[in-house]
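Please keep the sequence and the coordinates at hand while reading.

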Amino acid sequence: MSSMQIFLSTLVLWFKLLLLLLRNSQAGAQTDDVAISPRGIISIERSIKDRRNSTGNACNFSGNIVFGGPSSLDHDKKFFRLGSRQLVAYRLMVDFINRDKCGIIIEAEDGSSQNYSLELRTYDDQSSIEWTTKIAKNYLASPVDIWLGGYSSTLTKPLAESASDNNKLLLAPGAASTGVFLGRDSVFGSVPPAKKYLAKAVEGLSKLQNGPTTMASMWEDASFTIGVCSSAPDLAEKHGLTMTSEQAVQGMTVEELIPLAKKLSEEDPDVVITCVYDCAPWMQAMRSVKWSPNAQIFTVCVGLETFVNDVGSDVEYIMGVTPWDSSVNARDELTNWTASDFADTFRKETDDVEVMFQAASAAAMISIAAQTLQNVGIAAFNEDATAAWSDYIRKNTFQTMYGQISFDDNGQSLAPSYLIQYDSNGTVLTVYPEESSSGPILYPMPSWDRRDCNKLSDCEVSDRKDTCDNGGNCVCVDPKNYQSVGIGATAQCVPLENYNLLNNGLKIMSYVAVAFLLLICAFAVTWTFYYRKNHLVKVSQPMFLGLLIFGSVISSLSIIPMSVETLYRDADDIAWVDAACMAFPWLWGLGFSISYSALFAKVWRVKRLYKAAHRARRKQVTAKDVMIIMAIVIFIEFVILLAFQFVSRFQWERTSIQEINGYTVESVGKCTSEYGWYFMAVLVSYNVFCLIYALILCWQTKELPSDFAEGNYIFLSVMFMFQVLILAIPVSIMVRENPNVYFFMLVGGVFLQNFTVLVIIFSPKMLRIYKGEDTQATVRRHISNTMSVAPRRTSFRSNGSVSEQNGDSKYRRNSYRSAGSASSNPSQVHWSEQMKAKRESSENNKSSVASLDDNNPATENHLQAEAVTIITGEIKNDDGSSSLSAEKEVESQFVSPVHEDPKQFGIIE
């Protein structure tokens with residue numbers, strides 16, 4: 001290559017670069033009123049490079065025809081998704097025509113055929129009306145033969161105005177607004193008019209049995225969306241539906257849409273038509289207010305992969321309107337592609353799952369343009385080419401992969417729209433018209449909870465074949481053993497909650513135990529009242545027997561509130577159950593204290609008399625003394641219970657002990673409080689202390705003769721109460737978590753405590769009366785035997801010394817002697833003489849004892865007086881006064897005073 005050639009080549013290269021810079025500078029200068037992208041206006045040109053077709057044969061092109069127009073190339077722009085899919089379809093068609101068809105074959109005037117390649121030019125409109133206008137004025141007017149519209153009626157309208165002004169043919173595959181085409185003969189659209197866009201959708205829904213009766217619409221501010229939704233009222237009236245509201249959307253964020261969703265949830269229309277470009281925010285707004293209509297129709301989003309990615313499984317049952325579906329029975333005349341062929345080709349190119357109608361519409365427009373160019377012939381290159389092309393398009397019907405397309409007088413497609421819907425698996429199906437449908441209309445649309453239950457919950461994945469109802473609850477096929485819990489995503493069937501309620505058999509057993517104890521108490525009361533004048537009952541003090549029975553009744557009734565239970569604190573009977581929780585410690589505590597105080601008072605009285613007898617003193621224990629002791633015991637118990645009631649009373653609480661996915665399948669209910677068990681510990685400790693002290697007193701008085709005394713029986717009663725309490729407490733604590741065993745232990749403890757005391761105290765008395773050992777003579781004989789078999793005698797001397805000796809097996813009379821000489825103490829001699837005379841009188845009366853009439857009041861008084869004299873050693877003067885002095889030497893026999901008649905024996909005045 002010569003130097004001159006190199007110089008010229010370099011000069012040409014610099015000249016081209018200068019032209020490119022000049023072009024960019026002009027673009028900047030001409031768009032000063034528009035926010036220019038840092039990249040400037042991006043232009044993409046696509047044409048044939050390899051002039052061989054797919055068979056390897058050379059293609060001889062006579063020229064090229066330029067197609068071009070704006071499109072959104074920026075991923076962040078509003079219309080990029082759909083606009084880019086149209087651009088892919090343009091490219092697929094141009095490449096196929098150039099490579100597989102060797103371009104467009106046009107017949108020349110001489111009858112020869114000439115091949116023309118297609119060139120595609122695209123300019124970035126940045127989804128802006130201003131940029132679209134600038135592109136139309138500065139880049140399309142001269143170099144582009146046929147203009148191609150981008151996506152949306154909003155962006156296509158200024159392009160249509162410029163095309164009409166420049167006498168250019170504009171094919172608009174992404175516009176449906178009538179305003180884009182009105183009065184412009186060279187502008188054509190493959191999408192049905194906006195006002196006819198919803199026709200098939202409303203018609204199909206209105207034909208359903210039990211179909212919709214009300215409808216609402218909402219739209220954002222754009223030509224296409226306004227045009228589509230503006231037809232809703234007329235369509236509703238035509239098909240007998242009532243419009244509840246029509247709402248323009250000011251903003252498309254979720255926060256801005258939530259108030260509208262709340263408003264529609266109050267109206268609750270059956271159908272909502274949403275004319276927006278971004279559908280995900282409205283879906284999220286409806287979810288936020290937990291409402292959805294029976295049918296949700298979108299005008300754009302259905303079938304978009306981005307829509308599926310944004311809302312996931314929520315796309316199921318959502319309806320949309322489309323002029324095309326890949327299942328349409330259509331074949332393109334130019335490429336021979338069917339609708340499904342095009343869809344497959346498009347998927348391979350883009351990896352899209354769903355092929356949008358906008359892509360098929362764009363491909364169809366290239367096919368229509370190519371068919372027109374081939375049929376019009378050489379006229380395509382005349383000055384009136386645009387008019388010739390427009391006239392041909394308007395008058396003819398075209399077979400495309402988009403379907404059979406023809407145009408109305410306004411330049412818009414006469415092809416009908418289809419109602420499409422996602423099925424329960426997320427697959428888009430054509431559901432109306434029926435002749436083109438690939439599946440039925442799914443109406444009504446399930447609620448959000450129902451969908452979540454179906455897709456997200458464990459309800460329908462179990463082997464039991466549970467199902468979700470429309471409310472989102474799980475319907476269990478085995479309701480006897482399983483229960484439905486949760487709703488929506490948390491819905492499932494879990495085993496019925498085991499409340500660990502008390503066994504009915506145990507409850508019945510407890511009621512029987514209470515009835516049995518009350519029956520014993522009633523019998524004891526009746527028996528005591530019936531034999532109230534019997535000497536044996538008198539010396540046992542009916543008042544104390546009555547208190548013992550009364551305490552047993554109260555304590556026995558504590559079993560009943562133990563059996564009261566409920567479920568959780570929201571139960572209607574919770575107040576009653578809470579009261580029962582505190583009724584148990586009150587009834588048991590007070591019953592125990594009353595019964596115990598009656599027994600304790602007896603032992604305490606014996607102890608007082610025992611101590612007085614040791615000092616050879618006559619001691620009176622009045623009713624007031626005994627009642628004070630009982631009152632103190634009961635008062636302390638009452639104070640503990642009162643503090644328990646007001647500080648930390650028991651309340652019913654149910655605790656979960658086993659859960660499945662956060663749902664309780666086993667729980668246990670119990671009476672509890674923050675400090676309740678501390679109070680129970682104090683209460684039980686106090687009762688244990690009282691029992692221990694009573695046992696000590698019983699031990700101290702164990703040497704007293706007890707043939708007719710109750711000392712041994714009291715000791716046994718207290719010992720049984722102590723053993724039951726000591727054994728029941730730790731065992732109950734160990735089985736606290738097992739309600740049935742715990743209940744059984746408490747019932748058993750209360751039953752044994754009361755039953756043993758009643759039996760031990762009353763059985764001996766009843767047996768003696770039954771055997772007839774309750775007569776005055778028998779009592780006197782037993783008293784005498786008691787004195788003769790006393791195991792220990794105590795001598796009290798005037799100098800205060802005390803001596804003890806074992807007694808013989810038979811009665812021995814011991815003389816009463818002074819520590820010094822008899823003459824040293826005249827009063828003592830006088831007392832001894834009186835005692836001797838009394839003993840002689842007693843011996844003389846022995847023979848007549850058997851002949852005394854037990855029913856004779858005089859006899860009764862005589863025996864009682866004599867018994868007093870023998871047992872207490874008391875010498876009564878003629879005036880009834882006692883001549884017994886503490887300074888006298890006395891050897892006394894003791895019997896427990898508890899069996900004597902208090903008034904006869906001078907123990908209680």
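Where is Gln126 found? The model is a predicted one, and in it Gln126 occupies the loop between β4 (113-124) and α3 (129-138). Although Gln126 is not a glycine, its phi is positive, at about 55°. Most residues other than glycine have a negative phi, and most peptide bonds are trans. The relative accessibility of Gln126 is 11%, and because buried means under 20%, Gln126 counts as buried.

Asn500 is another residue other than glycine with a positive phi, here near 50°. Asn500 is located in the loop between β20 and α17 (504-530).

The peptide bonds also deserve attention. Tyr432 and Pro433 are joined by a cis peptide bond with omega of about 5°, and Pro433 is placed in the loop between β16 (428-432) and α16. A cis peptide bond likewise joins Tyr443 and Pro444, with omega of about 0°. Pro444, too, is found in the loop between β16 and α16.

Counting pairs of cysteine sulfur atoms within 2.5 Å gives seven disulfides. One of them is formed by Cys229 and Cys275, whose sulfur atoms are 1.9 Å apart. The torsion about the S-S bond of this pair is about 95°, so the disulfide is right-handed. Because Cys229 belongs to helix α8 (residues 223-229) and Cys275 to strand β10 (residues 271-275), the pair ties together parts that are 46 residues apart in sequence. Cys229 and Cys275 are both buried.

A further disulfide joins Cys476 to Cys493, with an S to S distance of 2.0 Å. The torsion about the S-S bond of Cys476 and Cys493 is -105°, and the link is left-handed. Here the distant parts of the chain are the loop between β18 (474-475) and β19 (482-485), which holds Cys476, and strand β20 (residues 492-495), which holds Cys493; the two cysteines are 17 residues apart. Both Cys476 and Cys493 are buried.

Cys581 and Cys671 also form a disulfide, their sulfur atoms lying 2.0 Å apart. With -70° about the S-S bond, the link of Cys581 and Cys671 is left-handed. Cys581 sits in helix α21 (residues 574-614) and Cys671 in strand β22 (residues 663-672), so this pair ties together parts that are 90 residues apart in sequence. The relative accessible area of Cys581 is 3%, which makes it buried, and Cys671 counts as buried at 18% relative accessibility.

Seven of the ten residues of β22 are buried, so the strand is largely enclosed by the rest of the structure. Strand β21 (residues 651-660) pairs with β22 in the antiparallel sense over nine bridges, and Glu659 stands opposite Thr664 in β22. The hairpin of β21 and β22 has two residues between the strands, and in it Asn661 takes a positive phi near 55°.

Which residues of helix α11 (residues 280-288) are buried? They are Ala280, Pro281, Trp282, Met283, Ala285 and Met286. The elements against which these buried residues pack include β8 (214-220), α10 (254-267), β10 and α16 (448-456). After α11 comes Lys290, whose phi is positive, near 55°.

Helix α23 (residues 676-700) contains Met680. Met680 is buried, with a relative accessible area of 10%. Leaving aside residues up to four places away in sequence, Met680 touches Phe584, Pro585, Phe644 and Phe650. The C-alpha atoms of Met680 and Gly589 are separated by 9.8 Å, while these two residues are 91 residues apart along the chain.

Finally, the surface carries a nonpolar patch of about 1100 Å². Its members include Ile628, Ile632, Phe635, Val639, Leu642, Tyr675 and Tyr678. Helix α22 (residues 623-648) gives the most to the nonpolar patch, with nine residues. Ile632 lies in helix α22, and its relative accessible area of 45% makes Ile632 partly exposed.

Methods:
Residues are numbered from 1 along each chain as its sequence is written. This is a predicted model: local features need pLDDT of at least 70, side-chain atom pairs count only at pLDDT 80 or more; totals for chains, interfaces and linings use all residues. Side-chain values use heavy atoms; hydrogens and water are left out. Helices (H or I, at least four residues) and strands (E, at least two) are DSSP runs, numbered from the N terminus. Buried means under 20% relative accessible area, exposed over 50%, partly exposed in between (1.4 Å probe, protein chains only). Contact means heavy atoms within 4.5 Å. Patches are made of residues with over 30% relative accessible area and no salt bridge: like charges are joined within 9 Å, nonpolar side chains (Val, Leu, Ile, Met, Phe, Trp, Tyr) within 5 Å. Accessible areas come from the Shrake-Rupley method with a 1.4 Å probe; for residues, only the protein chains shown count as cover. A salt bridge is a side-chain nitrogen of Lys or Arg within 4 Å of a carboxyl oxygen of Asp or Glu. Two strands pair if DSSP finds at least two bridges between them.
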